[in-house]
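Visitor: Could you take me through this model? I would like to ask about it piece by piece.

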Amino acid sequence: MDTSLTLIIIMAVLFGCGVYAMLERSLTRVLIGFILLGNAVNLLLLIVMGKPGAAPFFGDEGPLSDPLPQALTLTAIVISFAVTAFLLALIYRSWQLGRADTVEDDVDDIAVRERSDIEEEIMDEESAGADDDAVTDFVDVATAPIRILHHRDEDAIVDNAPVNTSSRRPKRSQRPLSRDDRGANPGDDSDGGGAR
């Protein structure tokens, strides 16, 4: 497979510049880096395609082009356009709120950065040792026994979960309301049929 060395060098430069630009704190530079990465991926797909040939639907004679990288390139263009529009909206909103497009550290980021190694180890031990034996979220709750039904015991369903009776609504009277009880209904016609 003959590939152009120029395309490979351009692709590598675009990847390098795109990654470098995306590591900045400015959202505009992140956007430029994302655009460079998108173009580098499109060049990579063109390089993978190999030597150009006739269109696959054109005929059977001679070398044919691979249609898959072309379809992937079109998809990559559409996705990069959508993410570019989203990043532009983020940049515009950031400029509206703070008159800057730079991502600043908040209080939590600074606290995490200033934590010592001892505090990190204590937090790791706390998160690793908490409820290792628990296999369900319903530990020590009245609804803890969860029954798994098999294909033959449908009649074994147990419905004895506790019910909160204080939150139930009072029952309404079962008799149908008469016209006097309902009052004037704005949707009523003179024949009582309602809007049609």
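Visitor: Let us begin with Glu-24. How accessible is Glu-24?

Guide: Glu-24 counts as partly exposed, because its relative accessibility is 29%, which lies between the limits of 20% for buried and 50% for exposed. Please keep in mind that this is a predicted model.

Visitor: With which residue does Glu-24 form a salt bridge?

Guide: The partner of Glu-24 is Arg-29, and the closest N and O atoms of the pair are 3.5 Å apart. Arg-29 has a relative accessible area of 47%, so Arg-29 is partly exposed.

Visitor: How many salt bridges does the structure hold?

Guide: The structure holds one salt bridge, and Glu-24 and Arg-29 form a salt bridge.

Visitor: Now the overall picture. How many helices and strands are there?

Guide: The protein chain has six helices and zero strands. Read from the N terminus on, the order of elements is α-α-α-α-α-α.

Visitor: What share of the residues is buried?

Guide: Of the 196 residues in the protein chain, 15% count as buried. The accessible surface of the chain comes to about 16,500 Å², and carbon and sulfur atoms account for 60% of that surface.

Visitor: And the contacts: what share joins residues at least 24 apart?

Guide: That share is 46%, taken among contacts between residues at least 6 apart in sequence.

Visitor: On to helix H1. What span should H1 have, and how far apart are its ends?

Guide: Helix H1 covers residues 5-22, which is 18 residues. At 1.5 Å a residue these should span 26 Å, and the end C-alpha atoms are 26 Å apart, so the two values agree.

Visitor: Which residues of H1 are buried?

Guide: Met-11, Leu-14, Gly-18 and Ala-21 are buried in H1. They cover an arc of only 105° around the axis, and therefore they sit on the same side of H1.

Visitor: What covers them?

Guide: The cover over the buried residues of H1 includes helix H2, residues 27-49.

Visitor: Which exposed residues are on the face turned away from the buried side of H1?

Guide: That face of H1 carries the exposed residues Leu-5 and Tyr-20. Leu-5 counts as exposed because its relative accessibility is 59%.

Visitor: Which nonpolar patch includes Leu-5?

Guide: Leu-5 forms a nonpolar surface patch with Ile-8, Ile-9 and Val-13, and together these residues have about 360 Å² of accessible area.

Visitor: Changing topic: where is Asn-42, and is Asn-42 buried or exposed?

Guide: Asn-42 is in helix H2. Its relative accessible area is 12%, so Asn-42 is buried.

Visitor: What does Asn-42 contact, leaving aside its neighbours within four places in sequence?

Guide: With those neighbours left aside, Asn-42 is in contact with Thr-73, Ala-76 and Ile-77. Thr-73 lies in helix H3.

Visitor: How accessible is Thr-73, and what does Thr-73 contact?

Guide: Thr-73 has a relative accessible area of 13% and is therefore buried. Leaving aside its neighbours within four places in sequence, Thr-73 is in contact with Asn-42 and Leu-45.

Visitor: Which other residues are buried in H3?

Guide: Besides Thr-73, the buried residues in H3 are Pro-69, Ser-80, Thr-84, Leu-87, Ile-91 and Ser-94. The buried residues of H3 pack against H2.

Visitor: How far does H3 reach?

Guide: H3 has 32 residues and reaches 47 Å from its first C-alpha to its last, close to the 46 Å expected at 1.5 Å a residue.

Visitor: Let us turn to the loops. Where does Leu-64 lie, and how accessible is Leu-64?

Guide: Leu-64 lies in the loop between H2 and helix H3, residues 67-98. With a relative accessible area of 40%, Leu-64 is partly exposed.

Visitor: What separates the C-alpha atoms of Leu-64 and Lys-51?

Guide: Those C-alpha atoms are separated by 9.0 Å, while Leu-64 and Lys-51 are 13 residues apart along the chain.

Visitor: Last one: what is the phi of Arg-99?

Guide: Phi of Arg-99 is near 55°, a positive value in a residue other than glycine. Arg-99 lies in the loop between H3 and helix H4, residues 107-113. Its relative accessible area is 56%, so Arg-99 is exposed.

Notes
Residues are numbered from 1 along each chain as its sequence is written. This is a predicted model: local features need pLDDT of at least 70, side-chain atom pairs count only at pLDDT 80 or more; totals for chains, interfaces and linings use all residues. Side-chain values use heavy atoms; hydrogens and water are left out. Helices (H or I, at least four residues) and strands (E, at least two) are DSSP runs, numbered from the N terminus. The expected span of a helix is 1.5 Å times one less than its number of residues. Buried means under 20% relative accessible area, exposed over 50%, partly exposed in between (1.4 Å probe, protein chains only). The arc is that of the directions from the helix axis to the C-beta atoms. Contact means heavy atoms within 4.5 Å. Accessible areas come from the Shrake-Rupley method with a 1.4 Å probe; for residues, only the protein chains shown count as cover. A salt bridge is a side-chain nitrogen of Lys or Arg within 4 Å of a carboxyl oxygen of Asp or Glu. Patches are made of residues with over 30% relative accessible area and no salt bridge: like charges are joined within 9 Å, nonpolar side chains (Val, Leu, Ile, Met, Phe, Trp, Tyr) within 5 Å.
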